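Thanks for coming, everyone. Please take a look at the model on the screen, and then we'll go through it.

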Amino acid sequence: MPSQLDQEDRAAPDMTVEEIKNEICRAATLRYSALPLGELQELEALLSHHRDVLHLALLPTGSSLLHRMKGGFKKVLARWSRWLWRRQVEFNIAVAENASETTRLLGTMDGNVLELVGALAALQREVEQLRARQARSDRKIATMNAALMAQRWRQSRTNVAQVSNLPESPVSGPTVDTFLLENELRGPREVLLQRQKAYLDYFRDADKVVDIGCGRGEFVELLEAEGIPVWGVDVDPDMADCCRELGLPVTRADGVDYLADLEDESLGGVFLARVVEHLSPEEAACLFQHCWAKLRAGGVFIVETINPECPAALAAFHDNPTRLRPVPAELLRFLFETHGFDVQTTVYTAPTSKGSPPCVRFREGVVGDAALYHDYALVGRK
């Protein structure tokens, strides 16, 4: 039979709950606007706490204190877990909204990037067009300058001939202006100076070098700058005047005639660039024979010509009508060997694309892509 104390303990919580309900009713005020979310959550948490405390008080008396505490804490944790889950849901919603906004902004950015790429491509095309236009203008200016210089030299030669009462040259029909044409085909002197540096090392020990068909004197200038004794020879009067105006040691003469007047075995090196393709087989054989006679033992003999293995070079071969025929590497090697020269290496220059190295040397037995270069040269020694 329950004791008096147990009956009072059970009645006390019922009275407390009733008192709490009455107190809440008396304290409650009518609100006509929605409470803030934070305030509602605080009130909900407070009510949950009171309910949990009351529940602990109303547990059956037969339960132990530990059992009642466990049950109460489980309910408290469950209620707080629901609050945490609600917070997590709100956080997830915010993250989703931010992700959606970020995706939209990234899409806008992608569109802007595509517009910028298109604008950059258009700008690059315009720059390339301007560069091409500038290059054409530079070529025209260079051609005009060369024409003015050639006209001045020719007028000077005419005046000298008139003052000296020299016989006039026989009148002939119109001919191609080879000086202006070579200026157009060979390009600026600066380009050729850079290209022909590939041959300098072969003449380091030469005490006297002759450049046959020196043209505008690029290789003569390179050898002089290195302190190597050199003399240029060219049959074209405009080429010779061009070199003399630059202060280069050049003689206007036929190459074979010039060599014939030199002492045998008096030269340390002979250089021919873009010459053999202008010669007949008989003229080439005669020139090689004179080179062999004038070079001393160990002398260097280098012959550069257009590379017929390069499709671009072969297609442009007849741009100059004074060129007779391309000279393949095997034919040039044959000319070297039949006149006593020992071919040591092949040098390829003037690459067709920027990706190719500016100069490549092939020794016998080494295979390379010769089709990538406009020019090639054989290096031989006596």
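Strand E7 has two faces. Val360 and Phe362 are on the covered face, and Cys359 and Arg361 are on the uncovered one. In a regular strand, side chains alternate between the two faces of the sheet. Strands here are DSSP runs of E, at least two residues; helices are runs of H or I, at least four; both are numbered from the N terminus.

A word on the source. This is a predicted model, so local features need pLDDT of at least 70 and side-chain atom pairs count only at pLDDT 80 or more, while totals for chains, interfaces and linings use all residues. Residues are numbered from 1 along each chain as its sequence is written, and side-chain values use heavy atoms, with hydrogens and water left out.

What does E7 pair with? Strand E6, residues 342–351, in the antiparallel sense, over four bridges. Two strands pair if DSSP finds at least two bridges between them. Cysteine 359 in E7 is the bridge partner of threonine 349.

Now the whole sheet. Eight strands form an open sheet with mixed pairing, in the order E3-E2-E1-E4-E5-E8-E6-E7. E7 and strand E3 (250–252) are the edge strands, and each pairs on one side only.

Further along, E1 (residues 209–212) and E2 (residues 230–234) run parallel, joined by four bridges. Valine 209 stands opposite valine 230 in E2. Helix H9 packs on the sheet too, touching E4 and E5. Contact means heavy atoms within 4.5 Å.

Let's stay with H9, residues 281–294. Which of its residues are buried? Ala284, Leu287, Phe288, Cys291 and Lys294. Buried means under 20% relative accessible area, exposed over 50%, partly exposed in between, with a 1.4 Å probe and protein chains only. The buried set packs against helix H8 (255–260), strand E4 (267–273), strand E5 (295–306) and helix H11 (329–338).

Last stop, leucine 372. Where does leucine 372 lie? In the loop between strand E7 (359–362) and strand E8 (373–381). Its relative accessibility is 29%, so leucine 372 counts as partly exposed. Leaving out residues up to four places away in sequence, leucine 372 touches Ala350, Pro351, Thr352 and Ser356.

Notes. Axes fitted to C-alpha atoms, helices over the stretch in contact; angles between N-to-C directions.
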